[in-house]
Structures are given as C-alpha cells and as structure tokens.
Amino acid sequence: YIVKLIVTSNNNCIDSTTNTVTIYPQPAIPVITSSGLLTICEGQNLTLSTNAAGSLQWLKDGTPISTATNTTFNVIQSGSYQVRVTNANDCFETSATTVVTVNPLPSGSVAQPTGTAICAGTAVTLSATGNATSFQWFRNGSLITGATTNTFNALQAGNYTVELVSNAGCKTMASGSVQLVRYELPSINIACLLYTSPSPRDRTR
C-alpha cells in the first residue's frame, strides 16, 4: 500500500509525504494435538505436538518455556499449554489453550510385623499405611485376589508387597516388603505296645 500524509498548517501551508506500507500475512493459527488423555499420573508420558510451520515457542501458563522450541513437547507438570508460531516476517499467532492435569502418586509403606515366622495353620496380620484410597497386596510378585484393604492375614511363606492406589487411579508400590517363613507342624506318632501276660500254666513251670 502507498500511504500519503498531507499536513496543513494554521496558515494554510500544505506539505505532504508518501510512504509504502507492506502488510505481511499472519501465519496459520497453530493447533495442538496430544498423544493421550490430558489427565495423567506423575511419571506417565504425555506429548503435545503441532504441525505449524515457522519458529515455534511453547508456553506454560502464558510464560515461554526455555528451550521448548520443537514441534513436540513432553509434559511433566500440570498447567495451561500453548504454542506460538512466528513466520519469517515476525508475524505470530498463538494456539488455543490445552489444559493438562498431572496427578501425584500416592505414597506409603509396609509395616514390619513383630514376627516373620509362622506355623502352619496360623496367620500374621500385615498392614500398610499411606495416603492411598485402596490397596492391592502381592505375594512373590503375584496379585492376591480380594486382598484390597490396608491389612492382610498371611498364611503362607513368601515376600509380601502392596500397591497403593489414589482416588485419581494413580498407582505405585509402597516402600518396604515383608518376608515370611512358614514352619510345618511336627508329626506325632503314637506306638501302642501289646503285652501278653503269661498264662497260669506258664507260671507253674
């Protein structure tokens, strides 16, 4: 565009200037896609991507993220994410906001019982503490069906661990484990001895 500016003074003196104005096109508004659900657990992977062409800058809560200038970005924190694209003429557009929630993992531990040796037919109560809403016990790495509270009565030898589950469904293993040893009951054999008294005839001999 050619723009002409005309200035008239109070004395009706007129002057003008002409200049050329170039209007560069805006880049297309970038679109963000995600590799999965936008609500994840701590330690899980979520990648945000864009196919925008140009110089890229990812933002979290409106603030540029240092070194986040690629077409993909791996999210590890909750926040509102955007990507800004700038073309060769320094014109830029910013994407819509993508909100990501990263839920924390529960934490807890397995308590050590007073004794770790049991006799056959007896049980030891195992317990776990933590900020979980549900629990899952394992024996030697195998899930114990129905063992979903913070306590479990163990009847068998083995290594016992427990998985913690938060109200958001995030799972992690509690710290610690219990190694139980089981002893079989001793077997008792009772032998009966049969004694035959001598007959009166034998006693007179």
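User: How many disulfides does the structure hold?
Analyst: This is a predicted model, in which local features need pLDDT of at least 70 and side-chain atom pairs count only at pLDDT 80 or more, while totals for chains, interfaces and linings use all residues. Residues are numbered from 1 along each chain as its sequence is written, and side-chain values use heavy atoms, with hydrogens and water left out. Taking a disulfide as a pair of cysteine sulfur atoms within 2.5 Å, Cys-41 and Cys-170 qualify with their sulfur atoms 2.1 Å apart, and the number of disulfides in the structure is one.

User: How many residues apart in sequence are the parts that Cys-41 and Cys-170 tie together?
Analyst: Cys-41 belongs to strand E4 (residues 39-41), where a strand is a DSSP run of at least two residues, numbered from the N terminus. Because Cys-170 sits in the loop between strand E18 (158-165) and strand E19 (171-173), the pair joins parts whose separation in sequence is 129 residues.

User: Is Cys-170 buried or exposed?
Analyst: Buried means under 20% relative accessible area, exposed over 50%, and partly exposed in between, with a 1.4 Å probe and protein chains only. Because its relative accessibility is 0%, Cys-170 counts as buried.

User: How many aromatic pairs are there, and is the pair of Phe-73 and Tyr-81 stacked or tilted?
Analyst: Rings of Phe, Tyr and Trp (its six-membered ring) pair if their centres lie within 6.5 Å, and planes under 30 degrees apart count as stacked, over 60 as edge-to-face and the rest as tilted. By this rule there are four aromatic pairs. The centres of Phe-73 and Tyr-81 are 5.8 Å apart with the planes at 40 degrees, so this pair is tilted.

How values were computed. Helix = DSSP H or I, 4+ residues; strand = E, 2+ residues; numbered from the N terminus.
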